[in-house]
Amino acid sequence: MKTEIVNRIKELGGTFTKGNSLQETLKGIEFTHPLYPHELWGHELYGIDEFYNKNNKLFKKDKEAFYKNLLAHFFSDQTPPYGQAFYKKKLFTPLTKGTEDHDEWGADFEDEEMTNLSEVKKIVGNGKLEFMEIAYSYGFPDGYYICLSDPNPENPTVFGTDHEVYFYEISNEGAFEDFLQQFYTKSEFLEVVKKYIDSKS
């Protein structure tokens with residue numbers, strides 16, 4: 001992986017362990033908390049009003065403690081629907097015979113009326129169509145994948161799809177480096193929140 005990607009993972013609060021393949025490297029990325037995207041969460045600040053209303057006495061008494069608790073709440077291993085994304089590392093092999101995914105999904109993925117893999121094939125050509133699901137979210141698309149045959153394993157392309165149009169509509173979300181840039185670091189998150197709460201109080 002590019003140094004810039006490794007650095008961004010660490011800035012976002014994750015850890016990185018390089019593997020001997022793209023699959024192993026993606027599995028070596030770890031986040032113990034959700035990721036908050038600029039596009040979705042940054043426009044609505046889901047959950048902030050609720051947290052402020054429940055903790056406004058602490059805010060008036062000790063702002064430093066209030067913001068410390070706020071970060072602990074939003075960057076914990078929890079799943080209230082705040083518009084966040086969750087890093088995942090699940091192998092998905094719908095076209096590889098002998099796998100559970102092929103048994104479950106193979107017929108659909110071999111049917112051109114059920115799936116449309118043209119966006120993926122533009123990048124990987126005739127490469128093997130095995131994927132790592134790297135994230136799921138509450139937005140659209142709600143699933144993000146990297147093809148393990150990507151010709152640029154140092155900065156592979158991320159593809160998005162949604163449970164309502166699962167692998168029939170696939171979007172090219174850009175390079176992994178750019179994908180990671182769409183999320184807030186804790187300090188960036190806190191800066192946005194502070195500006196919002198200051199404007200209210």
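Student: What covers the buried residues of helix 6?

Tutor: In this predicted model, the cover over the buried residues of helix 6 includes strand 3 (85–92).

Student: Which residues of helix 6 are the buried ones?

Tutor: Helix 6 runs over residues 100–109, and its buried residues are Asp101, His102, Gly106 and Phe109.

Student: Why does Glu177 count as buried?

Tutor: The relative accessibility of Glu177 is 18%. Buried means under 20%, so Glu177 counts as buried at 18%.

Student: Where does Glu177 lie, and which residues does Glu177 touch?

Tutor: Glu177 lies in helix 8, residues 176–181. Leaving aside residues up to four places away in sequence, Glu177 touches Lys2, Glu4, Ile5 and Asn155. A contact here means heavy atoms within 4.5 Å.

Student: How many residues does the protein chain have, and what percentage count as buried?

Tutor: The protein chain has 201 residues, and 46% of them count as buried. The protein chain has 9 helices and 7 strands.

Student: What is the count of positive and negative side chains?

Tutor: There are 22 positive and 35 negative side chains in the protein chain, and the centres of the two sets are 11 Å apart.

Key
Residues are numbered from 1 along each chain as its sequence is written. This is a predicted model: local features need pLDDT of at least 70, side-chain atom pairs count only at pLDDT 80 or more; totals for chains, interfaces and linings use all residues. Side-chain values use heavy atoms; hydrogens and water are left out. Helices (H or I, at least four residues) and strands (E, at least two) are DSSP runs, numbered from the N terminus. Buried means under 20% relative accessible area, exposed over 50%, partly exposed in between (1.4 Å probe, protein chains only). Lys and Arg count as positive and Asp and Glu as negative; His and the chain ends are not counted. The place of a charge is taken as NZ of Lys, CZ of Arg, CG of Asp or CD of Glu.
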